[in-house]
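Student: Hey, can we go through this model together? I'd like to start with its pocket.
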Amino acid sequence: MTMSSPPPRASKHLKSAYRLAAIAVPVVAAAVVVIVVLLRAAQLGPGELLAGRLGAARHVHLFLAALVVVPSAVATLLRLVRRPHSVYLVDYACFRPQPSNRLPFATFAEHFRLSPHIDDGSFRFVTRMMERSGLGERTYVPRGNLYLPPRTGMEEARDEAEIVVFAAVGDLLARTRIRPEEIDVLVTNCSVFSPTPSFADMVVNRFKLRGDVRAVHLSGMGCSAGLIAVEVARNLLQAAAPRGAHALVVSTETTSFSHYAGTSRSMLLPTALFRMGGVAMLLSTSRSSATTTTSRFRLAHIVRTLNAAEDRAYRCAYHEEDGDGNLGVNLSKDIVPVAGEMLKANIATVGSRVLPLSEKLLYALSLLARKVAGSRRRKAIKLHVPDFRTAFEHFCIHAGGRSVIDAVQSGLGLADEDVEASRMALHRFGNTSSSSVWYELAYVEAKGRMRRGDRVWMICFGSGFKCNSAAWECISLPARDADGPWADSIHQYPVAITTTTKMC
């Protein structure tokens, strides 16, 4: 893995000094104005202030002042009263697969070699791609994928969904000590596999949720669907549920149903990269309650960007049949550059909400310098890349593949330690689709790096093409998780990600 060189010490000190100045100068200026006003008032004395100045004021001025001040005060009061309730993450639980579901490289290569539909060219392509993928030896697939030939029908897909979803939800309910009948909102998501009854109905039936629970299922939304589900749950909690209500969000992808049995290289990629995983989350509009544990995180922002209007972006991840009628997900060569374009659009909105004033000023000055400079000098002036490490302590980037993490790291100017959680989650669990960012958050917490007040930025990409992100603030530290997804392997990480890992 290429290590990024640290910035020079002098440049680092200059940036720190600038940020302090950008924050301190407006405060000092405001303080000077207040002091001058107070000194002037002291010179006039209370008698002059009340008799002279107010006596000289015309009635029309007082009327105009009341006309402006009173409506402003009323508007501010109404805004405070009607402001949506904050939404909190009470806790989350990631699915932890069984050792019998492990797929070592050797087994993967052997199964591909023995598959009747795989020719020599496809085999060399997939093994070469896997050697550079960043996946490790301990990723997991459903039991049906370990058979020869793989068993990937409707029954196997439903079994996989029930195993993942029921285990994650059961762990979450036990951890939070909430009863199923206390859940007011249920949102589930799975892109490729969309059975009838839906995933939401599956959860209601298994855990006997109330008949009036607001249940929603999202399908076809890609790897960014988990954050879309969080936003849907947040909106329902704020608009249609009483204060202190609870929302259960379940995010997963069923790999059994997306197995591809052809030779198209762009459609072999998902079969090689995607792995078994899922997460269950409990959201609430109450920071704490008598029946559940204190909430862990506060949801600060959710930003969604979509570019499905452009055909190039729309077909980046496309579920279709190949020339021989084999169904699979086709990942185009444009997916990385399109993801970069969508990331730029997303961070433009996120940056305006979370970046400190100093970073905004640096960006504005660099943009102004480029506009003022002539056409010859304009190319030499680089736009300032905002340092998002001034707004977030932790980054959870969708572990869609090594190239995706590399592109985001380069685009945001992040250090290797900032993307460590993403690379290690990809190595340990593979691409678990919409739940990958939660395995990364679990990694940060398992390492003991989370502190109260820390801010977390989750970035996800999905079909369409979408880039969705969420900002969280830690408000309560977790207890030691003896049964979390990293419990049996956190002591082995981080590991060095080599350029190639020979499979055979």
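Student: Which helices and strands each supply at least two residues of the lining of the largest pocket?
Tutor: They are α8 (265-273), α10 (335-354) and α13 (402-412), plus the strands β7 (317-321), β8 (327-331) and β10 (455-462). Helices here are DSSP runs of H or I with at least four residues, strands are E runs of at least two, and both are numbered from the N terminus. Keep in mind that this is a predicted model: local features need pLDDT of at least 70, side-chain atom pairs count only at pLDDT 80 or more, and totals for chains, interfaces and linings use all residues. Residues are numbered from 1 along each chain as its sequence is written, and side-chain values use heavy atoms, with hydrogens and water left out.
Student: Ok, which one gives the largest share of that lining?
Tutor: That's α8, with four residues.
Student: And what volume does the largest pocket have?
Tutor: About 1,100 Å³. Of the 41 residues lining the largest pocket, Pro270, Phe274, Leu331, Ile335 and Gly400 are the closest to its centre. A pocket is an open set of points on a 1 Å grid over the protein atoms alone, where a 1.4 Å probe fits, with protein on both sides within 12 Å along at least five of seven lines; lining residues have an atom within 4 Å of a point. Points are joined across faces, edges and corners, and the volume is the space filled by probe spheres set on them.
Student: How many of the lining residues are nonpolar, polar and charged?
Tutor: The lining has 19 nonpolar, 18 polar and four charged residues. Asp, Glu, Lys and Arg count as charged, Ala, Val, Leu, Ile, Met, Phe, Trp, Tyr, Cys and Pro as nonpolar, and the others, Gly among them, as polar.
Student: New topic: which residues does the cis peptide bond with omega of about -5° join?
Tutor: Leu148 and Pro149. Pro149 sits in the loop between α4 (120-131) and α5 (154-176). Another cis bond, with omega of about 20°, joins Gly464 and Phe465. Most peptide bonds are trans.
Student: What about phi at Arg177?
Tutor: Phi of Arg177 is near 60°, a positive value in a residue other than glycine. Ser433 isn't a glycine either, and its phi is positive at about 60°.
Student: Is Ser433 buried or exposed?
Tutor: Ser433 is buried, at 1% relative accessible area, whereas Arg177 is exposed, at 54%. Buried means under 20%, exposed over 50%, and partly exposed in between (1.4 Å probe, protein chains only).
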